[in-house]
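I set down what I looked up, in the order in which I looked.

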Amino acid sequence: WAMAAAGAVLIVGSGLIGRSWAMLFASGGFQVKLYDVEPQQIANALESIRKELKLLEQAGSLKGSLGAQEQLALIRGCTDIREAVEGAMHIQECVPENLELKQKLFAQLDGLVDDSVVLSSSSSCLLPSKLFTGLAHVQQCLVAHPVNPPYYVPLVELVPHPETAPATVDRTHALMRQIGQSPVRMLREVDGFALNRLQYAVIAEAWRLVQEGVVSPEDLDLVMSDGLGMRYAFIGPLETMHLNAEGMLSYCDRYGEGMKRVLGTFGSIPEFSGVTVEKVHQAMCAKVPADPQHLAARRKWRDQCLMQLSKLKGQMPPQ
Ligand code: NAI
């Protein structure tokens, strides 16, 4: 098991997100070590990755230039953390979202690594200043937050600690590009990073509109899936402004006052409880009953939609 030209990557935690990272790095030709405290989790991960890669190959959706078998051969399980760290140039942490657990793990890794490796956390909402402060290798640490399911939704938010070296961010940015992901740089840490701040702004206004009886829960979701969401898969909110007038200056000139008027009518932070949560829950369950089978089937359908969308995005001629 020699080190490949592309280098070796260590995934710590072989749950949902660890498996996705393993597949993405293998698609880029990297040797991948999959570590977990639960040996059974590693076995399950390897088996589920094997099945998944086969299905992707059959569907013509496998990433990278290697076949499923070749990619699978790049991934191996590892139950010894010292051995796992050896030779890794990038370590992607994917253990449960628990600050103490992650702090403990990074302290342990900090004692095992040299100056050449990047220590990267998949955390969705823990800040780098909480995760990495005090580590000897803090300059080599950052958050690289993926979006579920990472195999079809390429965004990765790179979030530095105040002491993270710019080279750490640059190197991780390049690595993410190399495996076909779409990295964005947060220039400094902020609670929720960018994706969840946008998502929560949308959820809050969706909730208020339903709570105030302006629109039904079903129709609210259509406003996004058959409206805003259609173009957001290709252009963001700022470019939308630019295109919906004669450029950004013209948009702000024309619509700035209107935007401010509407924004001034936004309500306060919802409680996400009481009668409204009952109402929204009922509406959602009428469409997708909240039992494991129905939820899993709907997630599978969603992932198939995202797979097709990701193919389409790849096929569109650049403009
Ligand atoms: P998960 O629960 O599916 O997997 C966690 C894995 O970590 C398990 O296999 C567990 O055995 C292992 N583990 C626990 N303690 C460990 C330790 N000390 N050392 C090594 N392995 C250990 O969790 P999931 O969903 O994969 O999430 C992992 C991280 O990714 C979390 O920080 C989460 O916030 C983040 N994330 C999750 C997303 C999601 O949609 N699930 C999306 C983006 C980020």
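**Entry 1: cysteines**

I searched for disulfides, taking a disulfide as a pair of cysteine sulfur atoms within 2.5 Å, and the count came to zero. C78 is in no disulfide, and its nearest cysteine sulfur, that of C94, is 15 Å away. I note that this is a predicted model, in which local features need pLDDT of at least 70 and side-chain atom pairs count only at pLDDT 80 or more, while totals for chains, interfaces and linings use all residues. Residues are numbered from 1 along each chain as its sequence is written, and side-chain values use heavy atoms, with hydrogens and water left out.

C252 sits in helix α11, residues 248–263. From C252 to S48 I recorded 204 residues in sequence and 50 Å in space, C-alpha to C-alpha.

**Entry 2: the ligand site**

Which residues come nearest to the ligand? Of the 23 residues around the ligand, they are D36, Q41, E97, K102 and S124.

I next looked up polar contacts, that is, pairs of N or O atoms within 3.5 Å. An N or O atom in the side chain of D36 is 2.7 Å from an oxygen atom of the ligand. For E97, a polar side-chain atom lies 2.5 Å from a ligand oxygen atom. For K102, the corresponding entry is 2.6 Å, again from a polar side-chain atom to an oxygen atom of the ligand. The ligand on its own has 840 Å² of accessible area, and the protein covers 78% of it; the areas come from the Shrake-Rupley method with a 1.4 Å probe.

By class, I found ten nonpolar, nine polar and four charged residues in the shell. In this scheme Ala, Val, Leu, Ile, Met, Phe, Trp, Tyr, Cys and Pro count as nonpolar, Asp, Glu, Lys and Arg as charged, and the others, Gly among them, as polar. α1 (16–27), α5 (99–112) and β6 (141–146) each supply at least two residues of the shell.

**Entry 3: the nonpolar core**

I took a nonpolar core as a set of buried Ala, Val, Leu, Ile, Met, Phe, Trp, Tyr and Cys residues joined through side-chain atoms within 4.5 Å. The largest such core has 33 residues, and I11, W21, F25 and I49 have the most contacts inside it. The elements that each supply at least two residues of this core include β1 (8–12), β2 (31–35), α2 (39–58) and α7 (166–178). α1 gives the largest share, six residues.

**Entry 4: backbone geometry**

A cis peptide bond joins N148 and P149, with omega about -10 degrees. P149 is in the loop between β6 and β7.

F193 is not a glycine, yet its phi is positive, near 50 degrees. F193 lies in the loop between β8 (182–185) and α8 (195–211), and at 0% relative accessibility F193 counts as buried. F272, also not a glycine, has a positive phi of about 55 degrees. F272 is in the loop between α11 and α12 (274–287), and F272 is partly exposed because its relative accessibility is 41%.

**Entry 5: two further residues**

G192 is in the loop between β8 and α8 and is buried at 10% relative accessibility. G192 and L126 are 66 residues apart in sequence and 8.2 Å apart in space, C-alpha to C-alpha.

M241 belongs to helix α10, residues 237–243. M241 and Q308 are 67 residues apart in sequence and 27 Å apart in space, C-alpha to C-alpha.

How values were computed:
A residue is near a molecule or strand if one of its heavy atoms lies within 4 Å of it. A polar contact is a pair of N or O atoms within 3.5 Å; within protein, one must be able to donate a hydrogen and the other to accept it, and residues adjacent in sequence count only if both atoms are side-chain atoms. Helices (H or I, at least four residues) and strands (E, at least two) are DSSP runs, numbered from the N terminus. Buried means under 20% relative accessible area, exposed over 50%, partly exposed in between (1.4 Å probe, protein chains only).
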